[in-house]
Amino acid sequence: AELLLKIMALGFVLHSGSYIRDPWNILDCCIVILAWLNFVPGVGNYSAFRTLRVLRPLRSMNAIPGLKNLVSTILRSFSGLVNVICLAGFLFMVFGILGVQLWQGAFRFQCVDDATGNITTVAGCKTDATEYWGTACPRRQTCTDVGNPNSGFTNFDNVPNAWLLVFQCMTFEGWPSLLRQSYATFGVVSFVFYFFLLLFGSFFIPNLALAVISNMYEQERSKTELMEQQTAMKIQAELQRKR
C-alpha cells in the first residue's frame with residue numbers, strides 16, 4: 001500500500017522527482033516485490049526466495065532519516081577507505097614477511113624431559129640459546145622438534161600462516177602467548193616486533209578508518225542541513241508569493 005501511494009503521489013519514472021529515481025525507493029520496491037514473489041504459485045517453494053525475507057527490515061532505513069544518513073555515509077566512505085585498506089595490506093605484507101624471516105620453524109621446538117619424553121613447557125625454547133637470544137631448557141631436558149602448537153596452526157613457517165597470526169594480534173586475541181613463544185625462541189627483539197605490530201595494526205589503522213568515516217559523516221550531515229535550509233527557504237518564498 002505504501003509503494004502504490006508513493007507512486008500515485010510522485011509518479012513512477014518520467015520526471016526527475018518520481019518514485020523510481022530515488023535509490024532508496026528502488027531498494028524499497030525490490031524488497032516489496034521479492035516479498036510478494038512468495039505468494040506466486042510455484043515460486044514460493046524455492047528456499048532462495050524465502051531467504052530474501054531477511055531484507056525486509058531494510059525498509060526501515062527509508063523511514064528513519066538518521067539511519068538513512070548513516071548508511072549513506074558508510075557507502076560513500078568506501079572510496080576513502082580504499083587507501084586505508086591498502087595501507088593495512090601493506091602492514092600485513094611487511095609484518096608477515098618479517099615474521100617468517102624471524103621465526104620460520106622456530107615454534108616447533110619445545111622442552112622435552114629426557115627420562116619420560118613428555119613436553120614440559122609450551123612456551124618454546126632455542127637449541128643454541130644465549131643470555132639475550134632465546135631460552136634454553138633446564139637440566140635433564142632437551143629442546144626437541146615436536147611440531148607446531150595448536151595442531152600446527154600457530155607458526156610463522158609461511159606467509160599465509162604468518163598473516164593469520166598478524167591478524168590475531170591485531171584483534172588483541174591471544175597475543176601475549178604469541179609474544180612468550182616468540183621471546184622463548186628468539187629473544188628480546190620479539191618485543192620490538194609486537195610493539196610496532198600492535199601500535200600500527202591495532203591502534204593506528206582502526207582509528208584512521210574511523211577518522212575517514214567520521215569526516216564523511218560530517219560532510220553528509222552538513223549537506224543534509226543545507227538541503228533542509230534550502231527547502232525551508234523555498235517553502236517560505238512560495239508562501240510569501242501566495243500572500
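What is the mean pLDDT of the protein chain, and what share of its residues reach 70 or more?

## Confidence of the model

The structure is a predicted model. The mean pLDDT of the protein chain is 81, and 89% of its residues reach 70 or more. Among the elements of the chain, the lowest mean pLDDT, 60, belongs to helix α3 (residues 47-51), whereas helix α6 (residues 159-170) has the highest, 91. Where pLDDT is low, the predicted coordinates should not be read in detail.

## Overall architecture

The protein chain contains eight helices and two strands. Along the sequence, these elements follow the pattern α-α-α-α-α-β-β-α-α-α.

The chain has 243 residues, of which 28% count as buried. Among its contacts with a separation of 6 or more, 62% are between residues 24 or more positions apart.

Asp-113 is found in strand β1 (residues 109-113). Is Asp-113 buried or partly exposed? With a relative accessibility of 21%, Asp-113 counts as partly exposed, because the buried class is limited to values under 20%.

The side chain of Asp-113 has polar atoms placed by two backbone nitrogens. A polar atom of this side chain lies 2.8 Å from the backbone nitrogen of Ala-115, and the side chain also reaches the backbone nitrogen of Thr-116 at 3.0 Å.

Beyond its neighbours within four places in sequence, Asp-113 is in contact with Asn-118, Thr-120, Arg-140 and Gln-141. Asp-113 and Cys-143 are 30 residues apart in sequence, and their C-alpha atoms are 9.1 Å apart in space.

## The salt bridge

How many salt bridges does a search of the whole structure find? The search finds one. Its partners are Arg-108 and Asp-145, whose closest N and O atoms are 3.1 Å apart. Arg-108 lies in the loop between α5 (78-103) and β1, while Asp-145 lies in strand β2 (residues 141-145), so the pair ties together parts that are 37 residues apart in sequence.

Both partners of the bridge are described by their accessibility. Arg-108 is partly exposed, with a relative accessible area of 30%, and Asp-145 is partly exposed as well, with a value of 41%.

## Residues with positive phi

Most residues other than glycine have a negative phi. Against this background, two residues may be noted. Asn-150 is not a glycine, although its phi is positive, at about 55 degrees. Asn-150 lies in the loop between β2 and α6 and counts as exposed, with a relative accessibility of 57%.

Phe-172 also has a positive phi, near 65 degrees, in a residue other than glycine. Phe-172 lies in the loop between α6 and α7 (175-186). Its relative accessible area is 40%, so Phe-172 is partly exposed.

How values were computed. Residues numbered from 1 in each chain as written. Predicted model: local features only at pLDDT ≥ 70, side-chain atom pairs only at ≥ 80, totals over all residues. Heavy atoms only, no water. pLDDT = per-residue confidence, 0-100. Helix = DSSP H or I, 4+ residues; strand = E, 2+ residues; numbered from the N terminus. Buried < 20%, exposed > 50% of the residue type's maximum accessible area, 1.4 Å probe, protein only. Contact = heavy atoms within 4.5 Å. Polar contact = N/O pair within 3.5 Å; in protein donor to acceptor, adjacent residues only side chain to side chain. Salt bridge = Lys/Arg side-chain N within 4 Å of Asp/Glu carboxyl O.
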